[in-house]
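User: Could you walk me through reading surface charge, burial and helix ends in a model like this?

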Amino acid sequence: MMIRGVSGALLLIVVNFADATSHESSTCFENDGSSLLQHDATVFRVPSKSLQPGGGPAGSPRNDTVPDQAEMLMGVTSNAKGDLHAFLNNLLTNIALTLGVSVAFSALRQYYPIVYSNNIEKGLAPIVPANTFLGWVGTGFKADIGETAKCLGLDSALMLEFINLALKILAVVSVPSMLMLLPLHMIFGGGADEVDRLSRTGMANVVKGHPWLYYVHGLVVLGTCVAIKHYVYQAQETFLDRRFRWLKGLHGTRARTVLIEGIPQKWRSEQRIRHFFLAAFDTNWVESVFVVKKTGDLESYVAKKDAAMAERRKAEFHLEQHGGERPTHRPLYVDAQVDSIDFWSKQIQDTCARISEERKRLLDESNDPEGVNCASAFVTFKDEKHAEIAKELDYFPDPDEFVVSMAPESSTVRWWNLRESFEVAQAQQIIGRILIIGLYVAFIPACLGTTNIANAINLGPTFAAMAPSFGLTIWMSFFPTVLLFIINTFFNMSSSHLAQERLLVWYFWFQVIFVVLVTAIGNDVVLFVRQVAMDPINLASIMSDQLPKASHFYMNYLVIQWSTNFLNLLRYMNLSKYLTARAAGYGEEEAKNISEPEAQDYYGFGARSARWTIKLMIGIVFSTLSPAVSLIAFLDFVSCKVVFGYLITVAETKKPDMGGHFWVDNLKHALLGGLLYSILMAGVLFDRAPNSIPGLVATGAILFMATSLYNFQRVFRWEALPYNEVMNKHPESFSVADNAPEGKHFDNDCYQQPELRDVDSSTS
């Protein structure tokens with residue numbers, strides 16, 4: 001995690017140095033591009049409902065307003081003269097960084113294929129790039145989504161498909177913006193001479209009350225929203241087919257198993273759950289039942305045994321390395337030296353005896369509903385159709401009792417969460433929500449405080465260049481980690497993938513607030529929420545007051561994403577872990593296992609999806625205000641296709657598969673981007689158009705997008721197979737398991753707590 005911060009700091013220095021040569025505003029950023037800071041420009045707060053004073057160009061700053069700390073901290077600056085030069089300088093700097101990183105990666109890929117070509121080594125790669133210096137570049141464009149789903153799972157394939165969707169949307173948005181709106185703004189906008197050169201391409205160059213151009217904008221807003229809805233719905237319809245094929249392709253234990261949570265006390269035993277389903281279906285459909293048990297003591301014994309086995313392996317390695325010299329150690333400072341191998345073997349033997357006794361006790365007491373059984377269970381049916389039927393029924397009036405859902409992949413199950421009682425889980429969840437709200441509210445003050453401390457420390461000119469963004473760099477780097485820690489600690493997630501999905505949603509909203517809407521929200525998140533809650537219609541006015549003045553910032557923000565994307569290719573954390581393990585004497589395969597996977601708090605499905613949807617949202621929201629933004633966003637997703645098309649298919653390890661949960665959230669957020677875009681443009685058009693007609697057209701777009709978002713969640717039923725699909729399920733249906741490489745099938749799921757499984761075989 002700290003290496004990410006150091007990486008961001010180094011990039012910060014490079015860009016600051018490049019910008020200093022042009023005497024423009026300094027531009028610096030954290031490694032995910034979130035903290036683009038332009039220190040020398042003044043940030044203004046516009047309290048009125050007009051975009052500018054006196055009917056001048058949109059986005060002109062007011063001279064009687066004061067700087068906003070939130071905007072300054074996030075680096076959001078008002079559009080100003082000289083921005084074109086700064087933008088071109090930023091563009092050239094990031095192109096140079098991108099090329100440099102590409103060359104470095106091309107070399108590293110040749111030297112360390114075990115780190116950069118993992119899936120090829122394991123026979124999982126859906127596409128094998130040419131083994132040449134630049135043979136990796138076209139991998140993402142050649143990768144087939146269906147083949148990727150078969151080899152690496154549907155979630156991984158859908159990450160690539162979301163890039164394709166973003167490219168489609170941004171292409172449709174940027175082409176009319178660049179070919180129609182941009183020349184109209186420049187030629188017919190009528191902006192005054194004081195409008196800076198970069199702003200002349202956008203709505204800032206269109207005078208207030210222009211007789212006809214705002215009618216064009218109204219139609220463009222409506223057309224953009226229609227296009228977004230069309231492509232998102234079309235993509236979801238395609239996904240439904242993939243999702244149902246994925247569900248029908250699940251074979252083995254997982255396909256026939258359901259997770260039951262909130263089991264009432266009287267039903268908490270294997271035998272009683274069998275009787276429950278026998279009474280419900282009038283036939284014995286159940287193959288096996290496992291009720292989660294209170295295994296805290298047993299778990300500690302197993303952990304002690306595993307630690308002893310690891311110590312014995314170290315002692316045996318010492319024996320091999322030192323020519324038969326048996327290692328010794330002192331168990332306690334007061335004890336005499338003992339033979340290490342004999343000592344740890346005795347520890348393992350004694351612990352295994354305790355494990356056997358505890359396992360026997362748990363199994364003996366498991367028939368009593370009042371005993372060691374918890375409120376969760378896994379039930380495996382004899383047929384997949386029976387499992388599908390069981391998931392669709394309501395068994396008790398209380399919606400929190402006997403909740404039946406699809407079983408997660410067994411390797412992702414969080415057994416310790418399933419052991420928690422409902423009351424404890426609810427209390428923890430309340431604490432977790434309070435902490436997350438506090439995290440949002442305290443973010444700006446925490447960043448400001450850290451930055452002020454850094455500014456007060458005199459460590460020379462290099463540190464002085466980094467100090468203004470120090471707080472933001474640290475907190476933006478650690479925010480996903482802190483958020484995931486809260487989720488893991490206080491939210492009763494049954495699997496790690498559900499935690500990633502929760503991270504996606506909350507990290508996305510964090511970026512909506514502190515990246516997209518920071519100019520509208522200002523320093524006080526609570527005050528903004530209160531104002532919008534009291535008068536929701538005022539949101540359009542607030543957004544139209546503040547967002548247009550910062551369009552140049554978002555152009556620079558998206559350009560920085562290009563080099564940030566390419567930095568992911570280096571996999572520097574994985575490489576450093578691998579090299580460290582090799583230096584410590586581990587073999588290639590062991591070192592590889594130690595170095596993988598990449599940090600899931602920052603590079604997992606959740607955080608990565610949130611960052612991608614925010615970039616798509618920026619490209620949509622600012623597409624009419626500043627047409628170049630949508631083109632830059634399009635080019636950013638081209639770089640994503642190059643980078644992540646290679647990483648996901650070739651380099652990164654295979655991840656457990658939820659079959660599309662992240663995809664659905666991403667599409668909801670894309671529709672939300674269209675809704676925010678229509679709200680913003682409605683506010684702008686009502687304020688600047690010669691009459692209410694363009695604003696009313698944009699208001700129609702708001703209603704259209706709101707309806708589209710509502711219908712998306714209502715119409716597309718994707719989580720479970722429709723029963724007609726279940727009835728028509730054939731063995732030859734598409735199957736991830738059947739099409740995966742040999743030895744990689746998903747039919748080895750064991751829904752039993754690991755500490756309750758046989759351990760005696762591991763003691764020898």
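Analyst: Let's take the features one by one. This is a predicted model, where local features need pLDDT of at least 70, side-chain atom pairs count only at pLDDT 80 or more, and totals for chains, interfaces and linings use all residues. Residues are numbered from 1 along each chain as its sequence is written, and side-chain values use heavy atoms, with hydrogens and water left out.

User: Which residues gather in a patch of negative charge on the surface?

Analyst: A patch takes residues with over 30% relative accessible area and no salt bridge, joining like charges within 9 Å; a salt bridge puts a side-chain nitrogen of Lys or Arg within 4 Å of a carboxyl oxygen of Asp or Glu. Here the negative patch holds Glu121, Glu588, Glu589 and Glu590. Helix H24 (residues 588–595) gives the most, three residues.

User: Is glutamate 409 buried or exposed?

Analyst: Buried means under 20% relative accessible area, exposed over 50%, partly exposed in between (1.4 Å probe, protein chains only). Glutamate 409 has 13%, so it's buried, whereas glutamate 589 is partly exposed at 45%. Glutamate 409 sits in the loop between strand S8 (403–406) and helix H14 (415–418), and its side chain reaches the backbone nitrogen of aspartate 657 at 3.1 Å.

User: What happens at the start of H7?

Analyst: Helices are DSSP runs (H or I, at least four residues), as are strands (E, at least two). At the start of H7, a side-chain oxygen of aspartate 144 comes within 3.2 Å of the backbone nitrogen of glycine 146. Just after H7, glycine 153 has a positive phi of about 105 degrees.

Conventions. Patches are made of residues with over 30% relative accessible area and no salt bridge: like charges are joined within 9 Å, nonpolar side chains (Val, Leu, Ile, Met, Phe, Trp, Tyr) within 5 Å. Accessible areas come from the Shrake-Rupley method with a 1.4 Å probe; for residues, only the protein chains shown count as cover. Lys and Arg count as positive and Asp and Glu as negative; His and the chain ends are not counted. The place of a charge is taken as NZ of Lys, CZ of Arg, CG of Asp or CD of Glu. A polar contact is a pair of N or O atoms within 3.5 Å; within protein, one must be able to donate a hydrogen and the other to accept it, and residues adjacent in sequence count only if both atoms are side-chain atoms.
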